[in-house]
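User: I have just opened this one and would like a walk through it. Could we take it a step at a time?

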Amino acid sequence: MYRDSEETRLVHGDEAIVLGALDAGIKVFAGYPITPASEISELCSQLLPKYGRVFIQMEDEIASIAVAIGASVAGGKAMTATSGPGFSLMQENIGYAVMTEIPVVIVNMMRFGPSTGMPTEFSQQDVFQARWGTHGDYEMLVLAPSSVQECYDFTIKAFNLAERFMTPVVLLGDGILAHLREKLVLPPTSRIKIYNRKKPTCPPEEYEPYKPDEKLVPTLAPFGTGYKYNITGLTHNWKGAARTNARAGKEIVERLHMKFHKFREEFVDYDLKGHPEAKLVILSYGITHRSAEKAFKVLTNRYYKVADLKINNLWPFPYEFFDELPSTVEKILVVEHNWGKYYREVERYALKRGIEVHSLTRYDGTIISSEEIVEKAEEFLK
Amino acid sequence: MTVARDLASITKYLREEELPHIWCPGCGNGIVVGTLLRAIRELEDENFLHQDKIAVVSGIGCSSRAVNFLNFNTLHTTHGRAIPFATGIKLANPEMTVIVLSGDGDATAIGGNHFLHACRRNIDINLVIFNNYNYGMTSGQYSPTTPHLALTKTSPYGNLEYPLKITEVAIAAGASFVARSTTYHVIHLKNIFKKMLKHRGFAITEVLTGCPTYFGRYNKGGSPTDLMEYYKKNAEMVEKYKGREFPKDKIPIGVLFEDPKKQEYTDMLKELSEIAKGRVKVL
């Protein structure tokens, strides 16, 4: 999708994700219809063939993610998109991509659950499912866009992080963002930064796909390029051969964690703004930030000392933001659309730092208004 | 061909350092895999295939473990999902020859839905189903192909369910090449595999094999030689009965259905892409 110059469009979140995927170099998209992510499939079916890319509608979400992973094994960047029930079905194969270290992007436009819930009212209930929805011991990269522009930007980022860290990446949107139409600025192609996974340079007979490089990630050659090797969901040695013993298990679990923790600066992402002597921080993520940001502006106009913190990468938890908070901060108000899930994680880290954490939530399929946040914040600030 | 020369012809397809394999004495899996490798060897000698361009994908189960020993681009995936993983490989790189190794449980129980839709989609994937009538890896529970009233670990009083007719389902679902053979008829099986690999479209071969350790042990007449005898006596090649009715008490082996004209999915994708590029204004 080449562009000489910047281009502005009015699109919804689902469309922005598709445009982001195209600019990131997607080769294969596989999906199964589900509201509010169906538009992603629809647009892929329309646009991808025009650029020689592949769209396929599979028989279910389990097959969709399997196709995406298979395509990535053959060297093509791949994505799937779904919502709650489909995201639950995908979990086993997400674990497969974690274990085998195959880059893939999974979009979950969150809706209200559990189960079929309230299609298609929105929620932010899947924040922990996105982190640890599949079994086993691992870390997950999860990005949460809060605008249509970020749907585009974060999709490109999700592909780049997947290729860089050799891992599945979850783009956690929601039902409001999916259908929200806003201005989207598409940068000229030359300004888009793309990261592609490393390819082996050694001769095939010396090749060890799972030998960690200096960034602790494997170097997986695309299938069909002469480097024949094995990929398995079993624990394995550097050659990719199944090895189910204590040493292989320990080594893999350690590396699946350390490949992220040693390079946190490459994915930790949040936006903090506000008064240098702020007493209260309003923390939010995803679409909720739109209400939170407005509340922040209202409170600032009323001369309250308050800060606005938007979390862009939900997981691994970006605890670095604590070091940037003004020393005057006494309280954090976590605003989210679930029973108060991210709040607990924030509190876990805040306790050590002597900061009080409060939760403002809503779980009825509608969005918190800025007035509600202002009201709650004023209780703390007066 | 001497045994040594025969073996030497396929060792390049084996990861010898990963041997011995995990299969029990008397298991038919080795016969199926060895025969497949011989078929690949002959096709590679004909320059029809290339080892570097072959992807072998499997799910979970005894037969699925084969990929660990095979020197191709191998992907050992999750239970029942080998076909969609293989579909992804084929979509991203249609030049690959894609082979799926699957058991009766993997392909027709947990993976049954993917099996049906791959048949319908007619994507160029070669599916080998090792039918040993039970779940061997988990120690012999009943599967969709376990005969009615047969004894297994989870049907100790006899299996209440009726077995799935894999090839008939495949034909009904739209597979464009459907064949069956057994571990007794190895030359026949090799030729079937060659035909399967040469077919463009979704091709399946059901191989009747045996699990003497579990299914055989629980049911009388299940030793490795008993099974060979059984297949020798009861399997008949379909081409022998051209124009005549196939005997009801025999197992038909051979190419049961073939539609070489049915268009293959990735071929259609290429055409679709051309249409999309020309018809719609490029963004």
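User: Let's start with burial: what percentage of the 283 residues in chain B do buried residues make up?
Analyst: Buried residues account for 56% of the 283 residues in chain B, and please keep in mind throughout that this is a predicted model.

User: OK, and how many helices and strands are there in chain B?
Analyst: Chain B contains 10 helices and 10 strands. The radius of gyration of chain B is 19 Å, close to the 19 Å that the globule rule gives for 283 residues, so chain B is as compact as a globular protein of that length.

User: What box do the C-alpha atoms of chain B fill?
Analyst: Taken along the principal axes, the C-alpha atoms of chain B fill a box of roughly 70 × 45 × 40 Å.

User: Switching to chain A, how many helices and strands does it have?
Analyst: Chain A has 12 helices together with 16 strands. For chain A the radius of gyration is 21 Å, close to the 21 Å that the globule rule gives for 382 residues, so chain A is as compact as a globular protein of that length. Its C-alpha trace spans about 70 × 45 × 45 Å along the principal axes, and buried residues make up 64% of the 382 residues in chain A.

User: Which share of contacts joins residues at least 24 apart, in chain A and then in chain B?
Analyst: Counting contacts between residues at least 6 apart in sequence, 78% of those in chain A join residues at least 24 apart, while in chain B the corresponding share is 68%.

User: And the surface, what do carbon and sulfur atoms supply in each chain?
Analyst: In chain B the accessible surface comes to about 12,400 Å², with 57% of it belonging to carbon and sulfur atoms. Chain A exposes about 14,300 Å², and there carbon and sulfur atoms supply 50%.

User: What about charges, how many positive and negative side chains are there?
Analyst: Chain B carries 34 positive and 28 negative side chains, and the centres of those two sets lie 2 Å apart. Chain A has 45 positive and 50 negative side chains, with the centres of the two sets 3 Å apart.

Definitions and conventions:
Residues are numbered from 1 along each chain as its sequence is written. Chains are lettered from A and ligands numbered from 1 in the order in which they are written. This is a predicted model: local features need pLDDT of at least 70, side-chain atom pairs count only at pLDDT 80 or more; totals for chains, interfaces and linings use all residues. Side-chain values use heavy atoms; hydrogens and water are left out. Helices (H or I, at least four residues) and strands (E, at least two) are DSSP runs, numbered from the N terminus. The radius of gyration is taken over C-alpha atoms; the globule rule is 2.2 Å times the number of residues to the power 0.38. Buried means under 20% relative accessible area, exposed over 50%, partly exposed in between (1.4 Å probe, protein chains only). Contact means heavy atoms within 4.5 Å. Accessible areas come from the Shrake-Rupley method with a 1.4 Å probe; for residues, only the protein chains shown count as cover. Lys and Arg count as positive and Asp and Glu as negative; His and the chain ends are not counted. The place of a charge is taken as NZ of Lys, CZ of Arg, CG of Asp or CD of Glu.
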